[in-house]
Amino acid sequence: MKKITTVATSLLLSLAIASEASAYTVKSGDTMNKIAQESHMSLQDLIAKNPQVKNPNLIYVGDNINTTSQGATNNNITTTNVNKPQVQNTVTATNSEEDLLARLVRAEAESEPYAGKVAVARVVLNRVAHPDFPNTISGVIYESGQFSPVSNGTINRPADAESIRAVKEAVAIGGDRNGALFFYNPKTASNNWNGTRQAVATIGNHVFSK
């Protein structure tokens, strides 16, 4: 009887450890991209496993993130989540539009952290998904008076490798019409209009708002 009890206890402990390992608790400084890399998963897989995260660029300390690997099973996850309406909307991007967006990201966020570059790219994609803005990447970027790199010519510089990678990641996530639609640097902003918007995140020097 003692042997059976020991085996049963060990089995329950193993199951508890496995269950805990599949749920990651967000800490200060974490991003979905960082969690995905540390969990040896692609960002897209991590997002797909966490439909409760409506905005992958906005997670909070204490949130639980499912990090179950592709081959693992979790009895608490059902396939019905796949069919639930998602906030994200697929944004189709041609090679030339990805290049255009990457050039904008470099011009707007060259000195910003990688997560900030992804967030800038997502602002454009969020606008594409939003009914109040043009429905193409080029249309959003070239809309009059929206992005200073268009008017000052810095958008014509070739994109760098990190900006290209950030754009590909952002396109993989898609657009979110309820996500950030604007960003600004409060230290250099020439007017207070952006400050009247609802801030959703601060990454590096940029405040993202909607």
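Guide: Let's start at Asn50, which is in contact (heavy atoms within 4.5 Å) with Asn64, Ile65 and Asn66, once its neighbours within four places in sequence are set aside. Before going on, a word on what you're looking at: this is a predicted model, where local features need pLDDT of at least 70 and side-chain atom pairs count only at pLDDT 80 or more, while totals for chains, interfaces and linings use all residues. Residues are numbered from 1 along each chain as its sequence is written, and side-chain values use heavy atoms, with hydrogens and water left out.

Back to Asn50. You'll find Asn50 in the loop between helix 3 (43–48) and strand 2 (64–66); helices (H or I, at least four residues) and strands (E, at least two) are DSSP runs, numbered from the N terminus. With a relative accessible area of 1%, Asn50 is buried. That word means under 20% relative accessible area, while exposed means over 50% and partly exposed is in between, using a 1.4 Å probe and protein chains only. The side chain of Asn50 makes a polar contact of 3.0 Å with the side chain of Gln52. A polar contact is a pair of N or O atoms within 3.5 Å; within protein, one must be able to donate a hydrogen and the other to accept it, and residues adjacent in sequence count only if both atoms are side-chain atoms. Asn50 also has a side-chain polar atom 2.6 Å from the backbone nitrogen of Asn66.

Now hop over to another buried residue, Arg127. Arg127 sits in helix 5 (residues 114–129). Not counting residues up to four places away in sequence, Arg127 touches several others, including Phe133, Pro134, Phe147 and Phe182.

Helix 5 leads us to the strands. Helix 5 lies across strand 5, strand 6 and strand 7, and runs at about 30° to strand 7. For such angles, axes are lines fitted to C-alpha atoms, for helices over the stretch in contact, and angles run from 0 to 180 degrees between N-to-C directions. The 3 strands form an open sheet in the order 5-7-6, with antiparallel pairing. Strand 5 (182–184) and strand 6 are its edge strands, each pairing on one side only. On average, neighbouring strands in this sheet are turned by 20° against each other, direction ignored.

Zoom in on strand 6 (residues 199–203) and strand 7 (residues 206–209), which pair in the antiparallel sense over 4 bridges; two strands pair if DSSP finds at least two bridges between them. Ala199 has Ser209 in strand 7 as its bridge partner, and Thr202 stands opposite Val207 in strand 7. This hairpin has 2 residues between the strands, and Gly204 takes a positive phi near 60° there.

In one, Glu98 meets Lys168, with their closest N and O atoms 3.0 Å apart. Glu98 is in helix 4 (residues 95–109) and Lys168 in helix 8 (residues 161–173), 70 residues apart, and the pair links distant parts of the chain. Glu98 is buried at 16% relative accessible area, whereas Lys168 is partly exposed at 46%.

One more to finish: Arg157 and Glu110 meet in a salt bridge at 3.1 Å, N to O. Arg157 lies in the loop between helix 7 (148–152) and helix 8, and Glu110 in the loop between helix 4 and helix 5, so the pair ties together parts that are 47 residues apart in sequence. Arg157, at 30% relative accessibility, is partly exposed, and Glu110 counts as partly exposed at 37%. Arg106 joins in too: Arg106, Glu110 and Arg157 are linked in a network of salt bridges.

Notes
Lys and Arg count as positive and Asp and Glu as negative; His and the chain ends are not counted. A salt bridge is a side-chain nitrogen of Lys or Arg within 4 Å of a carboxyl oxygen of Asp or Glu.
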